[in-house]
Amino acid sequence: MKALTHLLAVTAALLPGLAAAQTAAAPVPPPTADDEYIETGPSSTEQGQTPLDQAFGPRDRATWIRETRRKAWQDTKWDVQARTFYQDRDKYDDSQSTAWALGGSVGMKTGYFRDRFALAATGYTSQRLYGPDDKDGTLLLAPGQEGYTVLGEAYGEVLLNEDTRLKLGRFGIDSPYINRNDSRMTPNTFQAVALQGLYGGGNGAPEWRVGAGYFHKIKERNSDEFTNMARDAGAPAWVKRGVYTLGANYKQGNFSGGAILYHSNDIISIFYTEGKYGIPLGDDWKLTLAAQYTDQDSAGDNLLRGQEFSSRQWGGKAELGWKGALFTTGYTRASGGTNMQNPWSGYPGFTSVQVEDFNRNGEGAWLMRASYAFESVKGLSLYALYVDGSDPDSPTEYAKDEYNLNAQWTVAEGALKGLMMRVRYAHVEQKDPLASDLDDIRLLVYYDPPSL
């Protein structure tokens with residue numbers, strides 16, 4: 001708790017300066033087509049997750065391509081981000097994981113040569129500012145509390161048409177079970193070939209997002225090496241298998257729905273589907289209903305565990321939005337004989353939160369969440385949530401309840417535009433005979449200067 005008190009004091013000291021910078025700043029124009037995806041309203045999606053309706057599509061739109069592909073090297077776009085991240089976790093067994101890291105990324109992407117080909121690369125680094133050797137495990141640094149530097153992205157992109165791209169090499173991607181999981185110092189990236197398309201949309205027109213690919217290796221968040229996908233999932237070292245993916249999402253008006261399949265020969269097959277529907281209730285109120293389902297099964301020669309397995313989870317969620325406020329309730333239930341798995345991503349379950357995923361076999365969980373984005377202090381938002389989990393089927397595992405508090409400040413204009421500060425706190429109570437608990441506190445500061 002001393003760490004919590006100290007971090008809150010630091011946050012309180014910094015916020016007034018940020019507020020002053022925003023007050024003095026001039027307005028900025030609305031985002032243009034070359035800006036990355038910007039959330040258009042309050043969201044209950046946890047850091048590291050990718051909803052299906054945000055999967056597959058390019059992170060920049062075709063308008064930018066049309067304007068810039070006439071020149072290649074002259075239209076090279078540079079992206080730089082600085083990060084610092086402090087995490088302190090007191091675990092169920094009273095051991096501790098603590099680290100403070102400094103790093104970030106430098107990336108570039110050319111324009112399109114001959115209107116068809118582009119090149120891109122991104123380097124990432126995370127270096128230790130503080131990290132006792134006996135308090136490893138935060139995932140901010142490599143094992144042993146070591147800093148690392150890695151060329152996480154190096155790929156070529158072929159523009160098949162203005163809405164369809166083929167990527168080959170090392171890159172990040174977003175989908176429910178293969179994604180960046182960008183919740184530490186550096187994201188997951190993959191050695192792969194992927195086809196992505198984003199068609200239609202805008203002015204009420206139907207929008208299709210489609211994707212297909214083959215993923216051979218993964219660079220985990222705190223690693224400087226690419227590992228075979230099967231090995232990363234837990235298969236023996238001699239097993240070499242990749243993952244095939246195919247999926248699509250359809251969106252029109254207030255409805256969105258889709259599905260995606262992940263298949264690794266002799267390892268695992270994962271089928272995921274998700275749908276949501278928004279119901280306007282007035283000028284300021286909106287109700288959104290969502291449902292999801294995952295089915296996971298062993299594949300082929302069962303090389304992952306040496307035997308067949310099956311698991312599944314379903315969930316439902318309701319969100320009520322009013323101006324800057326969002327109230328969320330959700331429920332998930334896992335079954336099938338074994339715990340759910342997510343070796344290559346953040347877990348997409350509606351009740352997956354800061355620490356726990358609530359996806360063990362036989363486990364049900366209720367979520368209650370409230371968030372608010374302040375109109376009077378632009379960029380400041382808060383949320384609190386509670387998840388009530390049930391006992392899983394395993395007699396050696398116990399029910400858990402989790403409480404989260406989150407405060408975030410994003411500077412959208414002025415001299416500090418691109419600066420984001422976030423404080424996250426989680427408390428988990430485990431209902432074992434010893435009434436064990438866990439505390440996890442994180443302080444994140446990201447800075448994305450204007451694109452070069």
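Two strands count as paired if DSSP finds at least two bridges between them. The exercises below apply this idea, and a few others, to a predicted model.

**Exercise 1. Which strands pair with E19, and in which sense?**

Solution. Begin with strand E18, residues 419-430, which pairs with E19 in the antiparallel sense over 11 bridges. Within this pairing, Arg424 stands opposite Arg442 in E19. Next, look at how the chain passes between the two strands: E18 and E19 form a hairpin with six residues between them, and Ala435 in the turn has a positive phi of about 50°. Then turn to strand E1, residues 77-90, which pairs with E19 in the antiparallel sense over nine bridges. Here Phe85 has Leu444 in E19 as its bridge partner.

**Exercise 2. Which residue forms a salt bridge with Arg442, and which network do the two belong to?**

Solution. The partner of Arg442 is Asp440, with the closest N and O atoms 2.8 Å apart. Both residues of this pair, Arg442 and Asp440, are buried. Salt bridges with shared partners also bring in Arg89, and they join Arg89, Asp440 and Arg442 into one network.

**Exercise 3. Which parts of the chain does the pair of Lys400 and Glu356 link?**

Solution. Lys400 forms a salt bridge with Glu356, and the closest N and O atoms are 3.2 Å apart. Lys400 is in strand E17 (residues 400-410), while Glu356 is in the loop between strand E14 (325-335) and strand E15 (364-373), so the pair, 44 residues apart, links distant parts of the chain. Both Lys400 and Glu356 are buried. In the whole model, the count of salt bridges comes to 16.

**Exercise 4. Is Gly247 buried or exposed, and which residues is it in contact with?**

Solution. Start by locating Gly247, which lies in strand E9, residues 243-252. Its relative accessibility is 10%, and therefore Gly247 counts as buried. Leaving aside neighbours within four places in sequence, Gly247 is in contact with Phe56, Arg209, Val210, Gly211, Ala259 and Ile260. As a further step, take Ala212, which is 35 residues from Gly247 along the chain: the C-alpha atoms of the two are separated by 6.5 Å.

**Exercise 5. Which residues make the nonpolar surface patch, and which strands supply them?**

Solution. The patch, of about 400 Å², is made by Trp100, Leu102, Leu129 and Tyr130. Strand E2 (96-109) and strand E3 (117-130) each supply at least two residues of this nonpolar patch. Trp100 lies in strand E2, and with a relative accessible area of 39% Trp100 is partly exposed.

Note on methods: Residues numbered from 1 in each chain as written. Predicted model: local features only at pLDDT ≥ 70, side-chain atom pairs only at ≥ 80, totals over all residues. Heavy atoms only, no water. Helix = DSSP H or I, 4+ residues; strand = E, 2+ residues; numbered from the N terminus. Buried < 20%, exposed > 50% of the residue type's maximum accessible area, 1.4 Å probe, protein only. Contact = heavy atoms within 4.5 Å. Patch = residues over 30% accessible without salt bridge, like charges linked within 9 Å, V, L, I, M, F, W, Y side chains within 5 Å. Areas by Shrake-Rupley, 256 points an atom, 1.4 Å probe, with all protein chains shown as cover. Salt bridge = Lys/Arg side-chain N within 4 Å of Asp/Glu carboxyl O.
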